[in-house]
Amino acid sequence: MNNFSYTPAATAKEALGLRKDTKEAAFIAGGTTLLDLMKANVEAHPQLIDINQLPFKGIQETADGLRIGALERMSDVGENALVMQQYPVIAEALLLSASPQLRNMASIGGNLLQRTRCGYFRDPAFPCNKRNPGSGCPAQVGDNRNLAILGTSEACIATNPGDLAVALVALDAVVVLENAKGKQRRVPLLDFHLLPGTTPQRETILEPDELIVAVTVPAAAHARKSHYVKVRDRASYAFALVSAAVGLEVQGGQIRSARLALGGVGTKPWRALEAEKMLVGRAATEETFRTAAAAAVRGAQPREHNRFKVEMAQKTLVQALQELMAS
Amino acid sequence: MNLDTKGDAAGTPHNSAPEDGTRRSFIKQAGGILGLALAPPLISQAERLTAFSKTVEGVSTMTLKVNGTARTIQAEPRVSLLDALREYLDLTGTKKGCDHGQCGACTVLVEGRRINSCLTLAVMNQGKEITTIEGLAKGEELHPMQQAFLKHDGLQCGYCTPGQILSGVACVQEGHATTDDQVREWMSGNLCRCGAYPNIVAAVREVAGKA
């Protein structure tokens with residue numbers, strides 16, 4: 001790991017001011033992604049700005065939903081009673097993420113910025129358009145078993161690795177950002193992550209002079225009745241091959257509203273908007289679920305080693321919806 | 001001047017005002033400036049205002065509170081808590097496995113919570129209570145989790161064991177050791193290449209039963 005200077009910031013203004021002075025500086029909260037990538041020489045920063053003292057805390061019920069401070073830890077949010085009762089898909093996604101140790105460290109804001117696990121990105125010996133723009137993408141014809149089938153481009157097929165973001169994007173979460181002038185803006189999580197296109201190095205709309213303050217989630221019947229299913233190579237402590245976040249409002253056997261998102265298959269947390277439309281107004285049956293699941297993977301572009309994800313994603317979605325209806 | 005890192009995540013009440021990038025931080029800063037105003041007048045105004053952003057660069061003095069004792073080291077900011085424990089404090093009970101947060105061998109408790117000491121910096125953990133495997137026993141009397149690992153033969157080569165034991169202690173304290181399945185899930189951050197898992201589960205379950 002390259003050497004760096006370390007500065008604990010007392011306020012957001014101060015943290016953002018330091019970043020302005022040193023553009024290559026990075027913010028550190030939990031550090032679980034940052035230090036991992038710095039040790040692997042994937043990232044190098046001359047300065048780390050510790051933002052743990054910033055007041056971006058709290059897990060609160062607001063007038064229209066839930067507000068989670070960006071510096072809350074994954075473990076605390078995953079076991080919060082309000083989150084578990086009113087937004088179960090968020091709690092489930094969190095507790096199926098990483099390990100208890102990592103969840104005690106990792107912040108909510110940092111988790112939304114988690115970087116891909118693509119082996120070519122993580123190994124500086126290889127070209128990678130995300131790490132070194134214009135150098136190429138060996139994953140297209142290489143070891144792409146864990147990589148994306150939706151939202152891919154000729155430049156990049158790296159999977160967004162998160163679980164939390166999949167649950168949040170399903171529930172219409174909004175990210176609250178603050179810049180150096182103290183001005184805040186609210187961005188739907190759906191628009192927060194970017195498709196790789198020809199610029200896979202740019203992963204979110206977050207500006208260099210902005211920090212994530214909080215995430216808000218609107219209360220809804222489909223949030224209260226929601227569920228997360230994660231399929232992995234081992235029973236626990238692994239990234240998703242495929243995951244599904246689902247939420248339904250059902251009255252008299254008929255679906256009134258639906259929320260679907262997929263993890264492990266997209267270059268960003270993948271909301272299945274077309275599939276949701278195929279559920280609304282229909283009977284909550286396995287047949288309906290299968291039709292919607294087929295719509296969710298329409299347009300998928302699998303590569304040689306990840307073709308299995310097309311079927312697995314559909315089965316995972318159907319399973320999640322069936323488990324939700326049985327709960 | 002080292003910034004005291006006490007009083008962050010763990011102790012902060014979950015009731016801060018919404019969109020509070022201004023109010024609480026202002027109070028904090030105002031309080032700090034007031035405090036510094038009482039310092040000897042030799043400190044210039046500029047120095048007072050920049051006191052919050054004291055940058056640590058190169059080898060500097062850090063104080064870590066490990067197993068109840070404050071220990072001082074001279075280290076760079078890039079030194080992980082794991083390396084500080086092993087290489088600077090000779091507390092080699094905490095093991096370096098993958099050094100990337102994937103194996104759990106480096107598990108220690110910080111403020112009572114289990115973490116991977118390889119993915120945090122020593123400089124960030126000043127002022128916090130750090131517990132390593134060396135701090136569990138009371139003199140010659142082993143911690144109940146250590147005794148249970150001996151009784152159930154919860155190890156073969158022993159390399160992952162300090163991490164397993166610290167993680168097991170936390171697992172029981174968290175209330176995540178009520179069934180074998182729950183222990184398997186909540187101990188999944190600690191890998192054991194020898195495959196002593198059934199015996200590790202038995203040890204953690206026994207301590208949980210007595211707790």
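The model I looked at is predicted.

**Chain A, make-up.** I began with the secondary structure of chain A and found 13 helices and 12 strands. I then looked up the radius of gyration of chain A, which is 19 Å, close to the 20 Å that the globule rule gives for 327 residues, so chain A is as compact as a globular protein of that length. The C-alpha trace of chain A spans about 60 × 50 × 30 Å along its principal axes. For burial, I noted that 63% of the 327 residues in chain A are buried.

**Chain B, make-up.** I went on to chain B and found seven helices and five strands. I read the order along the sequence of chain B as α-α-β-β-α-β-β-β-α-α-α-α. Of the 211 residues in chain B, 45% are buried.

**Charged patch.** I asked which residues gather in a patch of positive charge on the surface. They are Lys20(A), Lys23(A), Lys181(A) and Lys183(A).

I took Lys183(A) from this patch for a further look. Where is Lys183(A) placed in chain A? I found Lys183(A) in the loop that runs between β6 (174-179) and β7 (184-188). Is Lys183(A) buried or exposed? I have Lys183(A) down as exposed, because its relative accessible area is 60% and the cut-off for exposed is over 50%.

Technical notes
Residues numbered from 1 in each chain as written. Chains lettered and ligands numbered in written order. Predicted model: local features only at pLDDT ≥ 70, side-chain atom pairs only at ≥ 80, totals over all residues. Heavy atoms only, no water. Patch = residues over 30% accessible without salt bridge, like charges linked within 9 Å, V, L, I, M, F, W, Y side chains within 5 Å. Areas by Shrake-Rupley, 256 points an atom, 1.4 Å probe, with all protein chains shown as cover. Salt bridge = Lys/Arg side-chain N within 4 Å of Asp/Glu carboxyl O. Lys, Arg positive; Asp, Glu negative; His and termini not counted. Charge placed at Lys NZ, Arg CZ, Asp CG, Glu CD. Helix = DSSP H or I, 4+ residues; strand = E, 2+ residues; numbered from the N terminus. Buried < 20%, exposed > 50% of the residue type's maximum accessible area, 1.4 Å probe, protein only. Rg over C-alpha atoms; globule rule 2.2 N^0.38 Å.
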